[in-house]
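Subject: Structure for you to look at

Hi,

Here's the structure I promised to send over.

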Amino acid sequence: MARSSSFLIFFAVVLIVLGAIHYYLWARLVRDTQLPGPWRLVASLAIALAGLSVPVVLVFFRSPSAHAVSRALVWAAFIWLGAMFLLLVAVAATDALRLGLWGVRRFTGAASPDDERRRFLARWIAGGVALTTSGLAAWGVRAAIGPVAVRRVEVTLPRLKRGHDGLSIAQLTDLHIGPTIDGRHLAAIVETTNALAPDIIAITGDLVDGSVAELRDAVAPLADLRAPCGVFFVTGNHEYFSGAQQWVDEVTRLGIKVLRNERVEVTRNGEILDLAGVDDLSAARFGGGHGEDLGKALRDRDPGRAVVLLAHQPRTVLRAAQFGVDLQLSGHTHGGQIWPFGALVALQQVFLAGLHRRQDTQVYVSRGTGYWGPPMRIGAPAEIAQIVLRAAARSDGA
């Protein structure tokens, strides 16, 4: 009952926000441009239907049969969601410019434009905004659904043993298998990942957006991942929206080791590296014995050995640094996914993307291998991260 009430509240908030955004877009792009009668009606209906498509799809996807019923509708709704964000940013930017010009006129005493000129400018601005955002949206969709590039990053760890120098970790994260990302896309990612011949494959959360019953076949290609030192997984926040324990069981069935606040020893060339993983930072509020516990994951370990931590959210590094973690691998941010959304993400997370340092702990934040929501990426391309560990040069020159 509590979960149902929470969903209804969330859905109501979504409707209010979407309604406000679409009214604002209608006001600027249709009302203010004073389009002729037929065009005004067509544009108004288009914005209304586009706005309704998003909540319809949200409700529609509560059904396990949703994927097969209307894939075209789902794609259209999610593409519009991204286009809506781009339109919102563009229209808000033009309003800010207008406000600035109004202030200049007030300060200088310049005359305001008459109604005819105001209508002319409104139409040209609306047309420019529509064309620009359409082009950006098309580019973003192409970038999101195309082949995923490999990003190679070398990381030097002072405590890394010489036997682990050159060890490679292929990091997959934020795949978000679900409404618009299916098994075929995942199979291509698996093939690219295996071609890197990594020693370790790490999946750092947000694997799915849906239940095991809905997505079992779509995630099946994960069973083909191959790495001599193992394939590992930690939960992300989206697993807890989709039945985390069921997904832990399913991923385990596929032959992947799930690290739930635990540590394993990776032996290579006779030497040991510690690999640890924790539940997502948000997991505790979902109950069921889940919750991030760095103390449990890192207890009783040899402090002379390097440790790599898998943790979905970059914010975990704030505590990981206190435990002496050498390297943390995270995702969650998508690198912002659609510019300029990254500016908002950066306010909530410590780091947005790339390799950073917190005290003596380094953290690599992947931009993600899939995408969430709109099938778009603008200014934040998807990636398969190839992390290559390097031992620090010894003072004796060895």
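Below is what I found in it, going from the whole chain down to single residues.

First off, please keep in mind that this is a predicted model. The chain has 398 residues, and 48% of them count as buried. Its secondary structure comes to 11 helices and 12 strands. Along the principal axes, the C-alpha atoms fill a box of roughly 80 × 55 × 40 Å. The accessible surface is about 19,000 Å², with 62% of that belonging to carbon and sulfur atoms. If you take contacts between residues at least 6 apart in sequence, 75% of them join residues at least 24 apart.

Now the sheet. It is an open one made of 6 strands, in the order E1-E12-E2-E3-E4-E5, and the pairing is mixed. Strands E1 (149–157) and E5 (257–258) are at the edges; each has a single partner strand, so one side of each is left without a neighbour in the sheet. Further in, E2 (residues 168–172) and E12 (residues 383–391) run antiparallel and are joined by 4 bridges.

Next, the packing. The largest nonpolar core has 32 residues, and Ile177, Leu207, Leu222 and Leu225 are those with the most contacts inside it. Two or more residues each come from E2, helix H6 (183–195), strand E3 (200–204), helix H7 (212–219), strand E4 (231–234) and helix H8 (244–253). H7 gives the most, with 4 residues. To see what surrounds leucine 225, leave out residues up to four places away in sequence: it touches Leu172, Val190, Thr193, Asn194, Ile201, Ile203 and Val231. Apart from this core lies another one of 25 residues, including Leu157, Leu259, Leu273 and Ala306.

On to the aromatics: the count comes to 5 aromatic pairs. In one of them, the rings of tyrosine 23 and tryptophan 26 have their centres 5.8 Å apart and their planes at 35 degrees, so this pair is tilted. Both residues sit in helix H1 (residues 2–31), and because they are 3 residues apart there, about one helical turn separates them. Tryptophan 26 counts as partly exposed, at 21% relative accessibility; the cut-off for buried is under 20%. Elsewhere, Tyr240, Phe241 and Phe286 form one aromatic cluster.

Threonine 361 is found in strand E11 (residues 361–365). It is buried, with a relative accessible area of 1%. Its side chain reaches the backbone oxygen of valine 325 at 2.6 Å. Leaving aside neighbours within four places in sequence, threonine 361 is in contact with Val317, Ala320, Ala321, Val325, Asp326 and His356.

Glutamine 34 lies in the loop between H1 and helix H2 (37–60), and at 43% relative accessibility it counts as partly exposed. What does it touch, not counting residues up to four places away in sequence? Arg119 and Arg123. With arginine 119 there is a side-chain to side-chain polar contact of 3.5 Å. Glutamine 34 and phenylalanine 120 are 86 residues apart in sequence, yet 9.5 Å apart in space, C-alpha to C-alpha.

Cheers

Key. Residues numbered from 1 in each chain as written. Predicted model: local features only at pLDDT ≥ 70, side-chain atom pairs only at ≥ 80, totals over all residues. Heavy atoms only, no water. Pairing = 2+ DSSP bridges. Phe/Tyr/Trp six-rings, centres within 6.5 Å; stacked < 30°, edge-to-face > 60°. Buried < 20%, exposed > 50% of the residue type's maximum accessible area, 1.4 Å probe, protein only. Core = buried A, V, L, I, M, F, W, Y, C linked by side-chain atoms within 4.5 Å. Contact = heavy atoms within 4.5 Å. Areas by Shrake-Rupley, 256 points an atom, 1.4 Å probe, with all protein chains shown as cover. Polar contact = N/O pair within 3.5 Å; in protein donor to acceptor, adjacent residues only side chain to side chain.
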